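Here is a walk through one structure, from its ligand site to its core and then its backbone. Keep the view open and follow along.

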Amino acid sequence: MKSAITHHKTMYIFFGAPGAGKGTLAQLCVEKLGWKQLSTGELCRYHSLHHTEIGKQIDFLIKSGKLVSDSLITSMVEDWLLRNSKGNQEIILDGFPRTAEQAQMLDELLKKDAFSSFKLVIVSMAVPNAVVLQRLTHRWVCSNPACQAIYSLPNEGQTIPSNALRCPHCSKELIRRQDDQNMAVIEERLKTFNHHAQALMNYYKSTGCTFYELDATKPVIEVFEQLMAKLKER
Ligand code: ADP
Ligand code: AMP
């Protein structure tokens, strides 16, 4: 029989359109607060790059801006959580769940003993489409898997030989994500986000989850401060 559950860890779901700044805010929380981040997009790109069995199944989907199946992505999340959620650190899910079905699957996962100490908080990052579009077309990321720092550079950066752009943190090459370089793929990702967003938020509102609404159009540090203010209010 399950004993009465004490929730003592928080799992933050960073929710927002591609380019809203989820990864950037997550990296700040990792650096300043010692939280742990799972970016499901990074996990997908890792499998694709290393041609794993999963990578072969999802390569086309991530390159064309379509979603990986709910069951496969949830099993990847479960696998990551089993390996990474044993300590006392708070967890950030960046890019998951993306559909109401994934949210239901996550709720089922959290009923398992291994994860029953987690309480969910939704961190919703609102940004208009035009801003997101501008951010995606200026995003550069560090190619070092251990770093993955995210930057914003003017478009002219694209005319600089790529190996001339080095990460200030680890000095590895900065690259542009393949799915940020094709306008049709960007549009597909935004369309997919808009298609699922309302049902996903309705699901979480129906479960009575805690919501933090952030104005993610503000500069990065201000978005972080908004999050800190919400944490203090709790
Ligand atoms: P997401 O993880 O939501 O797809 P990222 O964190 O990768 O978004 O950010 C997308 C781009 O926008 C990056 O180039 C990043 O440097 C930039 N960016 C992120 N947050 C902000 C912000 N608050 N203001 C301006 N630019 C931002
Ligand atoms: P992101 O890095 O979050 O922009 O995600 C990049 C790509 O990874 C997406 O366009 C999808 O193809 C895939 N992906 C990441 N997270 C999910 C998810 N929760 N569900 C389905 N596909 C995902």
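Predicted model: local features only at pLDDT ≥ 70, side-chain atom pairs only at ≥ 80, totals over all residues.

**Around ligand 2**

Residues are numbered from 1 along each chain as its sequence is written, chains are lettered from A and ligands numbered from 1 in the order in which they are written, and side-chain values use heavy atoms, with hydrogens and water left out.

Now look at the polar contacts (pairs of N or O atoms within 3.5 Å). A polar side-chain atom of T40 sits 2.8 Å from a nitrogen atom of ligand 2. K66 uses a polar backbone atom, 2.6 Å from an oxygen atom of the ligand. R177 places a side-chain N or O atom 3.0 Å from an oxygen atom of ligand 2. Alone, ligand 2 exposes 480 Å², and the protein buries 96% of that. These areas come from the Shrake-Rupley method with a 1.4 Å probe.

**The cores**

Next, the nonpolar cores: sets of buried Ala, Val, Leu, Ile, Met, Phe, Trp, Tyr and Cys residues joined through side-chain atoms within 4.5 Å. Buried means under 20% relative accessible area, exposed over 50%, partly exposed in between (1.4 Å probe, protein chains only). The largest core has 60 residues; M11, F14, L25, L106, V123, Y204 and L227 touch the most other members. Helix 7 (residues 183-206) supplies the largest share, 8 residues. Apart from this core lies another, of 7 residues, including C142, Y151, C167 and L174.

**Backbone details**

F96 and P97 are joined by a cis peptide bond, with omega about -10°. P97 belongs to the loop between strand 3 (91-94) and helix 5 (100-110).

H51 is not a glycine, yet its phi is positive, about 50°. H51 lies in the loop between helix 2 and helix 3 (53-64). Buried or exposed? H51 counts as exposed because its relative accessibility is 60%.

S171 also has a positive phi, near 65°. The loop between strand 6 (150-152) and strand 7 (174-175) holds S171. With a relative accessible area of 46%, S171 is partly exposed.

How values were computed. Polar contact = N/O pair within 3.5 Å; in protein donor to acceptor, adjacent residues only side chain to side chain. Helix = DSSP H or I, 4+ residues; strand = E, 2+ residues; numbered from the N terminus.
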